[in-house]
Each structure stands twice: as C-alpha cells, then as structure tokens.
Amino acid sequence: MDLSALLAQLLNGLAGASSLFLVATGLSLIFGVTRIVNFAHGSFFMLGMYVSYSLIERIGVGPWRAVGFWGALVLAALAVGLLGALVEILLLRRIYKAPELFQLLATFALVLVFNDAALWIWGPEDLLGRRAPGLEGAIQLFGRAYPSYNLFLIVIGPAIFGLLWMLLTKTRWGVMVRAATHDREMLGALGVNQAWLFTGVFALGCMLAGLGGAVQLPRQPASLTVDISTIGDAFVVVVVGGMGSIPGAFLASLLIAEVKAICIGIGTVHLAGIEISFSKLTLVVEFLIMAVVLVIRPWGLLGRLQATSRNSAPVEAPLKPGSNWFRMTVIGVFLLMAMLPMLDQSLPYAAVLGQDILVAALFAVSLHFMMGPGGMHSFGHSAYYGLGSYGAAILVKLAFMPMPLAMLVAPLVAGLGALLFGWFCVRLSGVYLAMLTLAFSQIVWSVVFQWDAVTGGSNGMVGIWPEDWLSGTRYYYLTLVLVGLSVYALRRFVFAPFGYAMRAGRDSSLRAEAIGIDVKLVQWLAFTIAGVFGGLAGTLYIFSKGSVSPDVISVSKSVDGLVMVLLGGIQSLTGPVIGAAVFGVLQDWVMRATDYWRALFGGIILFLVLAFPEGLAGISRQIETLWQLYRPAVGVVRREKLT
Amino acid sequence: MTASVNPILLDVSGLNAWYGAAHILFDVALNVRRGEVISLMGRNGAGKSTTLKAIMGLLSRSEGQINFLGQDIAGKAPFQVARMGLGFVPEDRRIFPDLTVTENLETGRQAPRQWADGSAALNWTPDALYELFPNLGRMQDRRGGQMSGGEQQMLTVARTLMGNPLLVLLDEPSEGVAPVIVEQMAHMILALKARGASILLSEQNFHFARLVSDRAYVLEKGQIMYEGSMQDLTHNSEIQRAYLSV
Amino acid sequence: MSGALLEVRDLYMAFGGVCAVDGITFDLHPGELLALIGPNGAGKSTTFNMVNGQLRASGGSVRLAEQELVGMKPRAIWRLGVGRTFQIAATFASFTVVENVQMAVMSHQQQIFSLWRPAANRYRDEALMLLKQVGMDAQADRACSELAYGDIKRVELAMALANNPRLLLMDEPTAGMAPRERNELMALTKRLVVERGMAVLFTEHSMDVVFAHADRIIVLARGKLIAEGEADEIRSHPKVKEVYFGNGLTFEHPPEPAVAARIPA
C-alpha cells in the first residue's frame with residue numbers, strides 16, 4: 001500500500017468514525033444518566049436510516065431536493081428522538097428501579113419489536129438511499145478520487161462533539177445531567193424533576209443515534225440486520241472509551257474506525273509463506289482492541305470505576321437444601337421427561353421439544369452458575385455453546401474421533417476457551433465484564449464464520465449424527481441423563497465450599513479477600529466450569545440436530561440464555577430450568593403462530609418484565625411477601641376478636 | 001417572640017414506613033415550629049434517618065400525615081417536596097464528585113421564596129454561602145471529589161441552602177467526621193438559627209444535639225419514646241440511659 | 001523497642017506526587033489497643049491499607065514479628081495472622097450468621113476449592129464457638145441481611161477471629177453505633193485481646209471510645225505523626241487540639257453554663 005492509499009484509508013476511517021461516534025455517544029450518555037444499557041440503541045440507528053429514506057423519497061426530490069434532503073436528515077433524527085421519548089415515558093419509567101439485567105432484557109425486547117415493525121413497514125429488501133445533493137461527486141485528494149460526502153461526515157462528528165460538550169458544561173441542564181450521572185436520587189431531593197431529565201437525555205441519545213443512521217444512509221443501505229451489528233459496534237466504542245464518557249466515546253470511535261480502515265487498506269499480506277487477510281480481520285479487530293484496552297485500563301480509556309448502582313436487586317435469601325417435597329417434584333419431573341418418547345403416537349413432537357428444552361436447560365443452568373452465585377453477568381455465553389458444538393463437529397468430521405469420545409472432549413474444548421477468555425474477564429466486573437464476554441463471543445463467531453476450510457463458514461457443518469447405538473430415542477435418554485447429572489453436579493458445587501466462596505466474592509469481594517479467599521481465582525474457575533457445561537449443552541445440541549451454523553454463537557443465542565435465566569429468576573437455583581422450559585415452549589408456540597414472531601416474543605418479554613420484575617420463580621416470593629404483609633393484619637383481627 | 005408560639009411549619013402524625021417487608025416506623029408524630037432547631041435522637045437503627053427520608057418522600061413505602069405549611073405532602077415525589085421548601089441534607093454527604101463547588105451549588109438552586117404572610121424567606125446566593133463557609137469560597141473551582149470529608153460536609157449543607165428552604169432536614173451531621181469539624185457544624189447550625197432558619201436534625205451525639213437544639217424527640221425501634229425541651233432531656237438521665245445509652 | 005508485634009518504620013506513600021503518608025513510625029505490642037486518630041484525609045486509611053497489604057507502600061517497612069509485610073498480598077498477610085474489620089461492616093449478605101463465620105474458617109482450613117461435600121456442616125461447631133465469644137450464638141441461623149448494624153459488627157469480629165489472628169486491624173469499629181453499643185463492642189474487643197494475646201490497631205472518630213478504651217493513641221495529620229501517648233497526654237496536646245479536637249464541646253461534658261450561653265434564647 002502506498003502513502004496516498006494509506007492517507008485515503010485514514011480519511012475513510014475519519015468518515016466512519018463520525019457515524020460510530022454519534023450512535024455510541026448517545027448510548028454512553030443514556031447509560032451515564034439512567035444506568036440503563038440500551039440494547040435497542042442500534043434499533044434507533046436503524047430506524048434513523050429507514051425514516052430518513054422514506055422522508056428523502058418524499059421531500060428530497062424535485063427542485064427543492066437539496067433543502068428536502070438535508071431537512072429530511074434533521075427530521076429523521078427528531079422523529080427518532082421523539083420515539084425515544086415515548087419509549088422512555090411508556091416503558092423505561094416503569095423499570096428504573098428494577099435490577100440492571102431486567103432493564104437490559106426490556107430493551108432487548110424492544111430490539112425484537114422494532115425489527116419486526118421495520119419489516120412490516122419497509123419490507124425485507126435492503127433500501128439504498130439517494131446521494132446527498134451537492135455532494136454526489138468526488139474530489140481529487142492525493143491523486144485519488146475521494147467521495148465528497150465523506151468530507152461532510154468527517155466534519156459532522158467533531159461538530160456534534162463540540163455542541164454536546166458545550167451543552168454539558170455550559171448550561172444548567174448540562175450540570176444537572178452530569179450530576180444525575182452520579183446520584184440521581186440526590187438530585188431529586190434537591191428539587192430537580194429527574195423524570196423529565198431522564199426523558200430529555202434518552203430522547204437526546206436516541207436522536208443522536210437516529211442522526212447517525214440518517215447521515216450513514218448515502219453510504220450504506222438500510223437493512224434489517226443493521227440494528228444488531230450497530231449495537232455491537234456501539235458497545236465496543238462505549239466500553240473502550242469508558243462508560244458515560246463522551247470524550248472517551250469520541251476517542252474510541254476514532255481509534256476503532258481508523259484501525260478498521262487500515263486493516264482494509266492493508267488487505268491480504270503474505271508473511272513467511274502464510275496468507276493473512278487483514279481485511280477479514282475487520283470483523284474481529286474492534287473486539288481485539290476492546291479486549292486489550294480493558295485489560296490495560298479496566299474502565300476504558302477515559303472512564304472511571306462506576307459506583308455500584310443504588311437500586312440493585314434485593315438481597316438473596318440464604319441457601320436452603322431442597323425439602324422432601326422439592327425432591328419428589330424433581331423426581332416427578334424427571335420421570336415425566338422420561339415418558340415423553342412413549343408419546344410418539346399421540347404427540348410425536350413432544351420428545352423433540354423435550355430434547356430442545358433439556359439442552360436449553362443445561363445452557364441456562366451453566367449460565368446461571370456464573371451469573372447467579374458467581375455474580376458475573378455474561379452477554380456471551382453462546383461462545384462456549386458454540387465451541388462445544390463446533391468442537392464436537394470438527395473432532396468427528398476432521399479428526400475422525402468416535403462420537404462418544406468427541407462428546408467427552410468437546411466440552412473440554414469449550415472449557416479451554418473459557419479458561420482463556422475467563423482469565424481476561426474476571427479482571428473486570430459489572431457491565432464491563434459483560435461487555436468483554438460479548439466481545440469474546442463475537443471473536444469466536446468471526447473465526448467460525450470466516451474459517452471456511454474448517455468450519456464451513458456461513459454454511460456451517462452438516463451430517464454430524466450420533467452413532468447408531470445412540471441414536472433416536474436412545475439419544476434422548478442420553479441427553480436426559482447427562483443433563484440431569486450436570487444440573488445435579490452444578491447444584492452440588494453451589495452447596496459446596498466452592499459455591500459459598502463464589503457467593504462470598506459476589507456479596508463482598510473486599511470481605512472475601514480479607515478472609516483469605518482468592519476471589520479472582522474462584523471466579524476464574526467458576527467461569528471455566530460454566531464454560532465446560534455450556535459446551536456440553538452445545539455438544540448435546542449438535543448430535544441431536546446433525547448440523548450446526550454460526551448462529552449458535554450469535555449474540556441472540558447468548559440473549560436467549562439471559563432471557564431464560566432472568567425469566568426463571570436469577571436468585572433461584574431452579575429458576576434457569578423453569579425459565580428454559582417456559583422459554584422453549586413459548587418460542588416454539590410463538591414461532592408457529594405468526595410471521596412476526598419476534599415482535600410477539602418481544603411483547604411477551606416486555607409484559608413479563610413489567611409484571612414480574614423478580615422473574616417467574618420470583619412470583620412465588622412475591623405472593624409470599626404479599627401474604628406476609630397481609631398476615632399481620634389477619635393476626636390483629638383475630639386478636640381483636642379474642643379480646 | 002419565643003419559638004414555641006411561632007406557627008407550626010411541619011406537622012407529622014401517624015407516620016409508618018417500611019423497608020421491603022420490614023416495618024420500620026410506627027405512628028411517628030412530631031412537629032417543628034418556625035425558627036426552631038429540633039433534634040431527632042436515638043441509637044442507630046432507631047428510625048431517625050428513616051423518618052427524615054419518609055418526610056422527604058424518599059422511601060418507596062410509607063403512610064401517614066405529613067403536613068408542611070398547611071399542605072399534605074405525603075405521597076409526593078422528593079422533587080415536589082423539595083420545591084415546596086423542604087431542604088434535605090443526607091447523612092452520607094452525596095456531593096457530586098465530578099462537579100466543581102460552584103456547579104454543586106448550582107444543582108441545588110431554586111427561586112427565592114416567600115412566607116405565607118408575604119415576607120421574604122432567607123434568600124441564599126453563592127456569595128452569601130461563601131461568606132458563611134469561607135473554606136468553600138476559597139475553592140470554588142475545585143471538584144467535589146477532591147475535597148476533604150469536612151469540606152464535603154459543608155458543601156452538602158450549602159448546596160441544600162441554595163434551594164432557599166423554609167425548613168432544613170439535616171441527617172446525622174456529626175457522623176464520621178473529626179471532632180473539630182463537628183464543632184464547626186455546631187457553629188454553623190447556631191449561625192443559621194440566629195438568622196431565623198428552622199432545622200430538624202437527626203443526631204446520635206448527645207453533646208452535639210444539646211449544644212444546638214431547642215427541643216428533642218427520642219426514637220426507639222421506630223416509635224417516639226420521649227419529647228420535650230432539650231433542657232429537660234439534659235436533666236432526664238433515665239431517658240438518656242434507656243434510649244440514648246449515654 | 002523490643003517485644004513489639006508490629007513495627008512500622010518510616011512508612012511512606014505517595015499518590016501521583018501527592019504525599020499521603022509521610023514517614024510514620026510506631027510500634028504495637030501484644031495485648032495492646034492502639035488508636036490511630038486524625039482528621040479526615042490525614043492518611044489513616046492509607047496507613048491501614050499499607051499494613052494489611054491492600055496498598056503497597058512507596059517506602060519504609062512494616063514488620064509483623066520480625067517478618068516484612070511490604071510487598072505481600074492481603075491474602076498472604078491474612079494467613080500470617082492479621083485480621084481486619086471494615087468501617088462499613090462487610091459481611092456476606094446472602095449467608096446466615098453462622099455461614100459467614102464458617103466461610104472464614106473454611107478459608108482458614110484451605111477448603112475453598114472443595115466442590116462436592118456440602119458446606120453447611122463444615123466447622124459449624126467452631127463457628128458457633130466464635131459466635132459465642134462475641135455473643136451472637138443465639139442468632140446463628142438468621143440471615144445476615146436481617147441483622148441490626150451493631151450485630152453485623154459483632155459477626156464481622158467473629159469472622160476476623162476465625163484464623164486466630166495475632167493482630168487485628170479495625171477501621172472505625174464503632175461508626176454508626178449508639179454510645180452503649182460502642183462501649184460494649186470495645187470492651188468485648190479488649191477482653192478478646194487479653195484472652196488471646198492479640199494486638200489491635202484501630203481508627204476512630206468517637207473520642208469517648210478512644211479515651212475510654214485505647215491503651216495508647218497516635219495522631220496523624222497531613223500524613224505525619226504529630227503526637228503519640230496515653231489519653232491524658234493526647235487530650236492536652238496543643239497541636240492535636242488545634243487540628244483535631246477543637247474545644248472538645250461535642251464529645252466531653254462541658255460545664256452547664258457554657259451550654260446555656262451557647263444557645264440563643
């Protein structure tokens with residue numbers, strides 16, 4: 001690559017950085033003030049693209065097209081901001097006091113709803129936007145043609161950054177926003193109506209995302225996959241820059257966009273006979289940057305240690321061993337599951353669904369093991385599921401390993417992955433840890449997606465079946481036994497000193513260290529154990545389906561696990577099993593019911609989050625609490641009758 | 001005019017409060033008259049801070065009558081209560097560490113107030129506060145996070161005064177700071193009182209409370225066990241032993 | 001001085017060029033309660049954190065029974081017999097009272113990585129014994145999250161005793177407690193110190209507690225040790241009065257007329 005090409009690539013990077021900054025800074029601002037990790041932020045970006053497309057098609061044509069075009073960008077941003085305000089008022093206001101992860105779940109449900117809404121309104125085809133009037137052409141730079149629209153993009157990022165900076169430091173509103181970032185309850189006690197402050201910040205953040213999408217339209221078609229890819233990029237930028245830091249988001253978006261641009265510029269290089277494709281690296285490079293930054297500066301480039309949120313979940317009750325009633329129920333459920341294949345005449349589908357639910361339950365229980373007792377929230381548990389399933393496929397197909405042996409080794413492969421990734425992850429905590437797990441799962445996904453020769457790339461791998469003596473109903477029973485044993489083992493771990501040490505480190509790492517517990521080591525081991533069992537779930541999955549695709553490592557697979565754990569209630573050991581069962585049945589039913597199953601599913605999640613903020617297993621506790629509140633009153637009445 | 005014939009500012013009765021399922025306050029009743037400094041005393045966990053927070057609307061579950069300037073404020077959001085002229089100084093300071101002293105003061109600013117009879121209430125400006133707290137005046141551009149505990153304690157009071165409150169709720173001003181700072185806090189309260197301010201404070205330090213206050217309420221397990229003038233309490237060693245464990 | 005359990009020499013700590021602790025030196029003997037007092041920001045917590053290894057001293061030495069502690073991890077220092085309690089009592093909220101202490105004993109017995117046999121019955125009797133020593137055995141099976149604050153402090157003390165410490169570091173042990181609870185806790189501490197031959201280094205803002213229970217007092221101000229001695233010497237030390245005590249109005253009983261004079265009619 002010669003110098004002029006490099007310079008051109010650097011300029012491309014600057015242009016890319018602007019849009020990235022716009023979406024990331026909104027996310028960061030929203031997180032800073034409301035403490036909500038807005039998973040739907042990529043959706044607002046996507047809607048910004050679609051809305052500006054429609055507006056430009058309407059007012060960006062004809063003699064006034066220049067005014068129409070630029071006006072459409074602004075209007076689209078405003079419209080998305082307005083939508084954000086509505087979302088904040090109608091949904092988020094109700095869940096500010098819910099635990100962090102529930103808020104995440106609610107915003108993820110919005111992703112599903114918005115995605116189907118866009119599908120319904122704009123259809124499944126990608127929509128290419130018109131070029132910007134006056135900036136259609138190219139200019140000559142370093143002897144190369146350079147799109148003049150990129151120059152506009154290069155300017156708009158720093159301009160918005162400057163305006164935001166002024167807004168936050170020079171205005172009373174900005175002072176309030178910065179104060180709310182630290183302690184919103186205190187601000188309320190000083191007479192500030194935080195509800196409108198939050199609405200304002202959320203609307204502003206969404207407007208920035210919408211603007212980011214709108215200005216990106218002339219470069220990139222609007223499509224339904226933009227939401228998830230954008231939120232991934234935005235997360236990375238925010239985490240690299242430091243949660244809540246706007247200069248950090250600016251710096252990080254520059255860094256990431258430039259490194260990506262350089263990778264594209266370098267292209268494919270032959271080094272010592274090995275072909276390295278740097279342009280393919282772009283899918284991974286931002287996550288590598290994130291991993292490196294987080295290990296060196298755990299709170300991001302310009303971030304700081306976040307104060308623990310004041311509205312965390314209520315304190316967990318002490319662990320109690322299961323009662324006899326509980327044991328009978330477990331045995332009963334186990335026997336019921338064992339009877340499912342006998343229904344193949346009347347309900348042939350029951351065993352298939354049962355198999356899926358068993359695998360999902362193990363996936364959820366392994367995730368819960370690290371999230372609940374371990375206190376490590378993961379957005380990337382699909383990495384180990386994927387390593388388990390791809391590990392098994394590769395061992396069988398390429399290493400010609402017998403299937404039973406592969407079933408044994410593949411979870412260990414996942415465990416090795418968890419051992420490696422966990423070493424980095426346990427250095428962090430809270431949202432940062434969660435983001436890093438997401439980054440690692442994206443790395444695994446990218447490697448699998450691109451390593452055609454071994455993994456089959458986007459086509460995945462097929463024809464991976466159990467050996468004959470283990471197939472069919474026998475495989476169902478194998479799954480039932482292995483899942484049963486695994487869940488039992490994980491439960492034993494939690495009740496053993498190791499599980500106590502995990503919970504001790506979660507409840508107070510300060511105190512745990514002070515009584516000689518190596519909290520990081522305990523977490524690392526817990527992370528690895530969760531990886532092994534998550535891997536086993538993946539292994540069980542692949543031999544039941546016979547094929548695997550990169551989808552098993554996707555973000556949405558990780559989110560499925562989160563939904564199961566949260567549906568079941570994170571503070572309950574049986575929660576993930578219940579959650580997986582409910583999730584499995586719901587998903588199965590919803591997907592058959594409508595083409596817009598995502599929206600329906602999102603709607604159901606939203607309903608559950610709003611109705612049962614402690615999870616399904618928490619319902620019993622909510623009833624119990626109500627009962628306790630009610631009982632004293634009953635007692636009083638009784639006593640009065642006696643006297 | 002002595003304080004006891006002044007009009008009642010705050011009148012609380014039948015106040016109950018809960019944390020989760022735990023019932024913390026039981027039928028608490030108290031009042032504050034204009035110009036008074038009242039101490040709410042009792043040991044840790046007796047419900048002092050809970051009472052102040054309940055008055056301020058900061059608890060998710062409370063019941064009872066809270067009458068402020070003739071209006072029922074029970075069930076109102078904290079910001080509404082603050083806008084009616086109730087100032088709250090939290091026990092753990094809670095200054096905004098990234099904001100400068102001036103900006104911290106700005107977060108508390110509210111418009112000047114009048115009493116019901118039309119007379120102007122105390123109207124604080126940053127300059128007036130810098131006069132009252134000379135330390136703060138010397139560090140107007142310092143960030144809250146870079147101040148010492150004692151300076152933060154002063155800032156948190158000054159920030160609340162910026163709202164020109166008609167009544168200040170002061171939660172445990174002497175907790176966790178050096179004796180010399182506690183003494184400054186006592187001087188500050190007396191100075192405010194001399195200007196006609198009304199203060200309801202929660203306090204465990206008996207010596208501190210009797211330096212500054214006119215009347216006292218003693219809480220134990222969420223119930224008012226004693227009320228009377230500070231002078232009477234000083235001589236009532238029985239109450240002191242039973243509920244203040246002096 | 002010979003016979004000292006803890007010898008701190010010229011301890012020094014700077015954060016980004018700002019000197020937080022500036023060459024302090026003191027000794028602590030078995031059976032002794034040594035109070036470390038001073039204004040907020042004087043360097044008390046920093047000193048504490050250097051002794052227990054949470055911070056690595058920029059200079060100087062900390063020796064426990066002749067062994068150098070500077071450079072060791074908190075866990076290693078704990079294993080040498082240095083227990084600690086925190087200003088804001090930190091227990092494991094999702095555990096019962098006895099489980100909290102069992103956890104400390106299990107850690108002392110190196111059983112953290114035991115994965116199979118349930119923890120519930122391990123060292124329960126030992127833990128109950130420790131709870132008995134702090135008067136909490138009757139509440140052993142309650143959830144820690146339901147306890148009154150003073151009781152949490154006692155549980156914390158029992159946890160700190162689980163590894164038979166020779167030295168106990170207590171950061172504002174009586175913060176947030178009522179006067180009587182304070183005296184009870186410190187009397188309990190003194191009793192344990194004598195029975196077990198331990199030494200205690202504690203920070204404290206309540207002068208009533210310090211004067212009533214400390215055997216000796218050292219005073220820090222701006223990172224320097226400005227006074228050292230018994231209660232009476234410290235009480236009348238002019239420099240300490242100036243930077244820390246003030247006039248003593250808020251912790252000692254002033255003569256009656258002074259109170260009356262201070263409160264405007």
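Biologist: What does B:S49 count as, buried or exposed?

Modeller: This is a predicted model: local features need pLDDT of at least 70, side-chain atom pairs count only at pLDDT 80 or more, and totals for chains, interfaces and linings use all residues; side-chain values use heavy atoms, without hydrogens and water. Residues are numbered from 1 along each chain as its sequence is written, while chains are lettered from A and ligands numbered from 1 in the order in which they are written. Buried means under 20% relative accessible area, exposed over 50%, partly exposed in between (1.4 Å probe, protein chains only). Because its relative accessibility is 13%, B:S49 counts as buried.

Biologist: Which side chain makes a polar contact with the side chain of B:S49?

Modeller: B:S49 sits in helix α1 (residues 48–56) of chain B; helices (H or I, at least four residues) and strands (E, at least two) are DSSP runs numbered from the N terminus. Leaving aside neighbours within four places in sequence, its contacts (heavy atoms within 4.5 Å) are B:E91, B:D171, B:E172 and B:S202. A polar contact is a pair of N or O atoms within 3.5 Å; within protein, one must be able to donate a hydrogen and the other to accept it, and residues adjacent in sequence count only if both atoms are side-chain atoms. At 2.9 Å, the partner of B:S49 is B:D171.

Biologist: Which residues of chain A lose the most area to chain B?

Modeller: The contact takes 22 residues from chain A and 26 from chain B. The area buried (accessible area lost on being put together, 1.4 Å probe, summed over both parts) is about 2,100 Å², with 57% from carbon and sulfur atoms. Together giving 27% of what the chain A side buries, these residues are A:R172, A:M186 and A:L190.

Biologist: With which residue does A:R172 form a salt bridge?

Modeller: A salt bridge needs a side-chain nitrogen of Lys or Arg within 4 Å of a carboxyl oxygen of Asp or Glu. The rule finds four across the interface of chain A and chain B. For A:R172, with the closest N and O atoms 2.8 Å apart, the partner is B:E106.

Biologist: Which element of chain A gives the most to the side that touches chain C?

Modeller: Chain A and chain C bury about 2,900 Å² between them, 69% of it on carbon and sulfur atoms. Their interface has 15 residue pairs in polar contact (both at pLDDT 80 or more). The chain A elements giving two or more residues are α18 (473–495), α19 (497–507), α20 (509–514) and α21 (519–545). With eight residues, the one giving the most is α19(A).

Biologist: How far apart are the centres of domain 1 and domain 2 of chain C?

Modeller: Chain C is divided into domain 1 (1–81 + 165–265) and domain 2 (92–163), bounds that come from an automatic or database domain assignment. Taken over C-alpha atoms, the centres of domain 1 and domain 2 of chain C are separated by 27 Å.

Biologist: What is the N to O distance in the salt bridge of C:R154 and C:E184?

Modeller: Domain 1 and domain 2 of chain C bury about 1,400 Å² between them, 56% of it on carbon and sulfur atoms. Across that interface the rule finds one salt bridge. The side chains of C:R154 and C:E184 meet in a salt bridge with an N to O distance of 3.6 Å.

Methods. Buried area is the accessible area (1.4 Å probe) that two parts lose on being put together, summed over both.
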